[in-house]
Amino acid sequence: RIVLEISGTTSTNGDFDSYARTTVGDGRLGLDDAALSRLFDDFCDEKILLSQARASGVVLSDEERADHLEKLRAAAGENADPGVPAADEPVFADRLLTEKYLSLLTKDIAVEDGEVEAYYEARKSEFLQPEKIQVSQILLDSEGKATTIRERLRGANEEDFRAVARRESAGPEAVKGGVMGVFSPGQLPQELESFILPLREGEISRVVGSTYGFHIFRLDRRTESRLVTLADASAGIRARLLDEKGRRAVAEHLDELK
């Protein structure tokens, strides 16, 4: 059954099923009407762009086809089947041709330094890195044992703390010398964070009880919040703006073709 016609070229419901299968896999069988409708819109857009690619004389070389197949094999694993049934090969070839056409369409898009700087100045809050702390702990199952070990740790340096954590802690991070990880405020349970955040670098907490057991915390490192500089942020901003410009150019081009 014909479901789409563009400049005399028709597509059937079988073509749409192939598109759906190569896009969402077996998940297409569970899609509701609204999701299928959105997927059909995407199918139409791709067919419109494909028609224009062919009309513009864009073709795929044998090398490009072979390179694409090699990438599919690499993604599937060295000894695995690339996962492209013969019936679906035309779908992937059409998609690759469309991608080549779009890359030619957007190849001259550029982002000026002034645009990067303007984006940075308008959204500085996005580049504010919060305070971070590295925390370690010794976790014990009894308060008495925790208190005894805490007394032994008075004046202990980092190496001493790690040795005790490996030997005595019941926590999963014991093998790492008690290192729990690096956290920003709000990432740790509130009842524990209130004891950890006021600590100074290298300071060891008193015994803290929780539903997990009895903790002895050590604040290993504290990195103050800082604003990422424009120089450090510029590469990411430029890539984001290029992507936005490219998407906008494709959307506008597609509207014109429609």
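Which residue stands opposite Thr-10 in S2? I looked this up first in what is a predicted model, and the residue that stands opposite Thr-10 is Glu-5. I then followed the two strands themselves and noted that S1 pairs with strand S2 (residues 9-12) in the antiparallel sense, over four bridges. The two strands form a hairpin with two residues between them, and in that turn I found Ser-7 with a positive phi of about 50°.

Entry on the cores. I turned to the largest nonpolar core, which has 20 residues, and looked for the members that touch the most others; these are Leu-97 and Tyr-101. At least two residues of this core come from each of strand S1 (2-6), helix H1 (13-24), helix H2 (33-55), helix H4 (89-106) and helix H9 (230-257), and H2 gives the most, with seven residues. For Tyr-101 I listed the contacts beyond four places in sequence, and they are Leu-49, Gln-52, Ala-53, Ser-56, Val-58 and His-253. I also noted a second, separate core of twelve residues, among them Ile-138, Ala-146, Ala-156 and Val-207.

Entry on Arg-218. Leaving aside neighbours within four places in sequence, I found Arg-218 in contact with Gln-134, Val-135, Ser-136, Asn-157, Glu-158, Phe-161, Gly-202, Glu-203 and Ile-204.

Entry on charged pairs. I then traced the network of salt bridges that links Glu-158, Arg-162, Arg-218, Asp-220 and Arg-221.

The side chains of Glu-203 and Arg-200 meet in a salt bridge at 3.7 Å, N to O. Here I noted that Glu-203 counts as partly exposed at 27% relative accessibility, whereas Arg-200, at 59%, counts as exposed. For the last pair, I found the side chains of Arg-167 and Glu-168 in a salt bridge at 3.8 Å, N to O, and Arg-167 counts as exposed because its relative accessibility is 53%.

Key: Residues are numbered from 1 along each chain as its sequence is written. This is a predicted model: local features need pLDDT of at least 70, side-chain atom pairs count only at pLDDT 80 or more; totals for chains, interfaces and linings use all residues. Side-chain values use heavy atoms; hydrogens and water are left out. A nonpolar core is a set of buried Ala, Val, Leu, Ile, Met, Phe, Trp, Tyr and Cys residues joined through side-chain atoms within 4.5 Å. Buried means under 20% relative accessible area, exposed over 50%, partly exposed in between (1.4 Å probe, protein chains only). Contact means heavy atoms within 4.5 Å. Two strands pair if DSSP finds at least two bridges between them. A salt bridge is a side-chain nitrogen of Lys or Arg within 4 Å of a carboxyl oxygen of Asp or Glu.
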